[in-house]
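Q: Could you take me through one part of this model closely, beginning with the ligand's surroundings and working inward from there?

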Amino acid sequence: MQDRINRVIGVLNYKGGTGKTTTVVNLAAGLAMRGVRVLCVDLDPQGSLAAHFGVRYHDSLTDLLLGDAEPQACTYRARENIDILPSDRGMLKAEKELWNMDDMRVARRVLADKLRPADDGYGFVIVDFPPSVTLISQNGLLYISELIIPMHMSHLSVVGTRQVLGTLKAIGHIPDHQVRLLFVLPTLYSGRLRKDREILEQMRHMFGDKLAEPIRENVKLAEAPAHQQTIFEYDPRSNGAEDYTRFVRQVIRADSFFANQIEGIYRRPD
Ligand SMILES: Nc1ncnc2c1ncn2[C@@H]1O[C@H](COP(=O)(O)OP(=O)(O)O)[C@@H](O)[C@H]1O
Ligand SMILES: [Mg+2]
């Protein structure tokens, strides 16, 4: 792992609607604007990632996992500096076939084995997880090395995050594979609601410096996918754009080696 200079980050929460796909799209967009090459990998059969970017595709992650397709053949350009590896309902078939493999240790590593040799041209790989514990999501966990958990403002969401952290602990026992928690990211935050302020305080207590600054609830973020745009394209002056810009900066700075690379080689972050 030490020789890899790219960062492979998963965006995961077992609950749906916590802002995973929104975070993948806008984190990728913010990094790409700084000149970093990003690959986004969709593990969710709902296929929201390609839809959000407005990318049409033919081959998908299913073809990579089940067939002989090369990663490049299933990878599509979404924007300058952003490629995506899309998913669709075919992933449900992939899930079944993985379960039919003789050796479950091999079945859990298909994604990592196929993608690792192909991903080193990217500064960041960002993986959008499905909201369920599947063999596909286990494949994702054995591929990523850092984790972002987007979390909306409810007590149940705090409980769900404990579940994700439990999974991380289990992964910690797998030899040669470490996943570190990068950030818990509060999403859909309304500072005017006392409930949200209280939950945020609770989260600060639980996660300390792993808690990122919240992404506020912002109608522009909710509208952007229907326009197949990132928040920086749809409304660069919105609160959503401001919050994701700050989050992108936090992610870059969380790895000092990488921060130096970006500040030195790529355009300087603002
Ligand atoms: N900060 C936000 N403010 C308003 N709406 C948001 C915000 N983040 C996400 N959304 C909207 O909430 C819904 C769920 O977000 P999404 O990113 O698709 O979640 P997930 O991928 O976890 O299911 C989407 O309709 C999205 O546009
Ligand atoms: Mg999603």
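A: Happy to! Ligand 1 is surrounded by 16 residues, and the closest are Gly19, Lys20, Thr21, Thr22 and Ala222; a residue is near a molecule if its C-beta atom, placed from the backbone, lies within 6 Å of it. Two elements each give two or more residues to this shell, helix H1 (20-33) and helix H10 (219-223). Helices (H or I, at least four residues) and strands (E, at least two) are DSSP runs, numbered from the N terminus. H1 gives the most, with three residues. By type, the shell divides into five nonpolar, nine polar and two charged residues. Here Ala, Val, Leu, Ile, Met, Phe, Trp, Tyr, Cys and Pro count as nonpolar, Asp, Glu, Lys and Arg as charged, and the others, Gly among them, as polar.

A word on the model itself. It is predicted, so local features need pLDDT of at least 70 and side-chain atom pairs count only at pLDDT 80 or more, while totals for chains, interfaces and linings use all residues. Residues are numbered from 1 along each chain as its sequence is written, and chains are lettered from A and ligands numbered from 1 in the order in which they are written.

Now to Asp128, in strand S5 (residues 124-128). Asp128 counts as buried because it has 28 C-beta neighbours inside 10 Å; the cut-offs are 20 or more other C-beta atoms within 10 Å for buried, 12 or fewer for exposed, and partly exposed in between, with C-beta atoms placed from the backbone. Beyond its neighbours within four places in sequence, its contacts include Lys20, Thr21, Val24 and Cys40, a contact being two C-beta atoms, placed from the backbone, within 7 Å. The C-alpha atoms of Asp128 and Gly10 are 6.3 Å apart, although 118 residues separate them along the chain.

S1 pairs with S5 in the parallel sense over five bridges, where pairing requires at least two DSSP bridges. In that pairing Val8 stands opposite Val125. S1 also pairs in the parallel sense with strand S6 (residues 146-152), over three bridges, and Ile9 has Glu146 as its bridge partner there.

Finally, Cys40 touches Val24, Ala28, Ile126 and Asp128, among others. Cys40 is also one of the residues with the most contacts inside the largest nonpolar core, which has 72 residues. Such a core is a set of buried Ala, Val, Leu, Ile, Met, Phe, Trp, Tyr and Cys residues joined through C-beta atoms within 7 Å. H1 supplies the largest share of this core, eight residues.
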